[in-house]
Amino acid sequence: LNAIPLIVLDAGLAVLRDRTGKLSVHQVADPGRRTAFRLATSKDLAPGYTHDAIWVRFTLQNQSTLPQTRYLEIGPPRLQDVRLYFHDGNGWISRAAGLRVPVNQREVLSRQSVFTLDLAAGEVRTFYVRVVSGNAIMISARLWQPASFYDDERFVDLVNGIQFGAIFFQAFENAFTFHEGWIVVMADTVL
């Protein structure tokens with residue numbers, strides 16, 4: 001980890017496609033299954049419509065002498081079930097996000113699937129993410145500094161607000177123009 005505000009992790013992800021959708025984190029993290037993971041290609045991260053569970057694995061190292069907190073964003077927001085797993089020395093920790101988790105129950109309040117990752121100074125930790133979705137799957141993993149994440153969220157909200165405002169303005173203008181023309185047509189008919 002370093003001071004870079006955003007790191008796209010896609011090129012460093014390892015992927016495992018679970019065609020049964022039933023493998024647990026204990027099974028996929030088993031040392032005997034390490035070779036089942038392979039370096040992800042763009043096709044692996046965008047399998048489209050599938051009932052398979054897609055597992056991705058990556059390892060982070062905090063090279064700092066201070067504890068570090070980062071946000072892991074797994075996109076796009078339409079993914080239904082996104083689970084993060086990591087071992088904390090005592091057992092497996094599981095966290096959930098995706099469309100099936102109400103926004104007010106998410107770890108980070110965002111329309112995206114976002115998880116908080118805390119690493120102690122010098123710590124190396126491997127993370128697993130499981131994605132299952134009834135709609136098209138396309139996985140992107142981005143690691144943010146929290147302040148940069150919120151700056152980006154605000155910018156996206158601003159752009160969306162401008163776009164939706166323009167759409168509503170155009171719809172209102174079209175409705176008014178149509179209504180005005182309808183009155184004229186009716187007036188011509190009556191006379």
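Which residue in E10 does Val8 stand opposite? I looked it up: Val8 faces Arg142 there. A note to myself before going on: this is a predicted model.

**Entry 1: the sheet**

I traced the strand pairing next. E1 and E10 run antiparallel to each other and share three bridges. They belong to an open sheet of four strands, ordered E1-E10-E5-E8, with antiparallel pairing. Strand E1 (6-8) and E8 sit at the edges, each pairing on one side only. From one strand to the next, I get an average twist of 25°.

**Entry 2: Arg142 again**

I came back to Arg142 for its side chain. Arg142 makes a salt bridge with Glu73, and the closest N and O atoms are 3.2 Å apart. This pair links distant parts of the chain, since Glu73 is in strand E5 (residues 68-75) and Arg142 in strand E10 (residues 140-144), 69 residues apart.

Is Glu73 buried or exposed? Glu73 has 6% relative accessibility, so I put it down as buried. Arg142 comes out at 24% and therefore counts as partly exposed. The cut-off for buried is under 20%.

**Entry 3: other salt bridges**

How many salt bridges does a search of the whole structure find? It finds eight. I picked out some of them.

- Asp81 and Arg83 meet through their side chains, at 2.7 Å from N to O. Asp81 is buried at 10% relative accessibility, while Arg83 is partly exposed at 29%.
- Glu107 and Arg95 also form a salt bridge, at 3.1 Å from N to O. Glu107 lies in the loop between strand E7 (92-97) and strand E8 (113-119) and Arg95 lies in strand E7, so this pair ties together parts twelve residues apart in sequence. Both ends are partly exposed: Glu107 has a relative accessible area of 36%, and Arg95 is at 22%.

**Entry 4: Arg106 in the loop**

I stayed with the loop between E7 and E8, where Arg106 also lies. Arg106 has 9% relative accessibility, so I log this arginine as buried. What does the Arg106 side chain reach at 3.2 Å? I found the backbone oxygen of Gln112. Leaving out neighbours within four places in sequence, I list Gly98, Leu99, Val101, Arg111 and Gln112 as the contacts of Arg106.

Last, the nonpolar side chains. These tend to be buried together in soluble globular proteins. The largest nonpolar core here has 26 residues, and Leu72, Ile74 and Val129 touch the most other members. Strand E4 (53-61), E5, strand E6 (81-87), E8, strand E9 (124-132) and E10 each supply at least two residues of this core. E4 gives the most, with four residues.

I checked Ile74 in detail. Not counting residues up to four places away in sequence, Ile74 touches Leu79, Val82, Ser113, Phe115, Val129, Val131, Ile139, Ser140 and Ala141. I also noted a second, separate core of twelve residues, which includes Leu16, Ala53, Tyr85 and Tyr128.

Technical notes:
Residues are numbered from 1 along each chain as its sequence is written. This is a predicted model: local features need pLDDT of at least 70, side-chain atom pairs count only at pLDDT 80 or more; totals for chains, interfaces and linings use all residues. Side-chain values use heavy atoms; hydrogens and water are left out. A salt bridge is a side-chain nitrogen of Lys or Arg within 4 Å of a carboxyl oxygen of Asp or Glu. Buried means under 20% relative accessible area, exposed over 50%, partly exposed in between (1.4 Å probe, protein chains only). A polar contact is a pair of N or O atoms within 3.5 Å; within protein, one must be able to donate a hydrogen and the other to accept it, and residues adjacent in sequence count only if both atoms are side-chain atoms. Contact means heavy atoms within 4.5 Å. Two strands pair if DSSP finds at least two bridges between them. Axes are lines fitted to C-alpha atoms, for helices over the stretch in contact, and angles run from 0 to 180 degrees between N-to-C directions. A nonpolar core is a set of buried Ala, Val, Leu, Ile, Met, Phe, Trp, Tyr and Cys residues joined through side-chain atoms within 4.5 Å.
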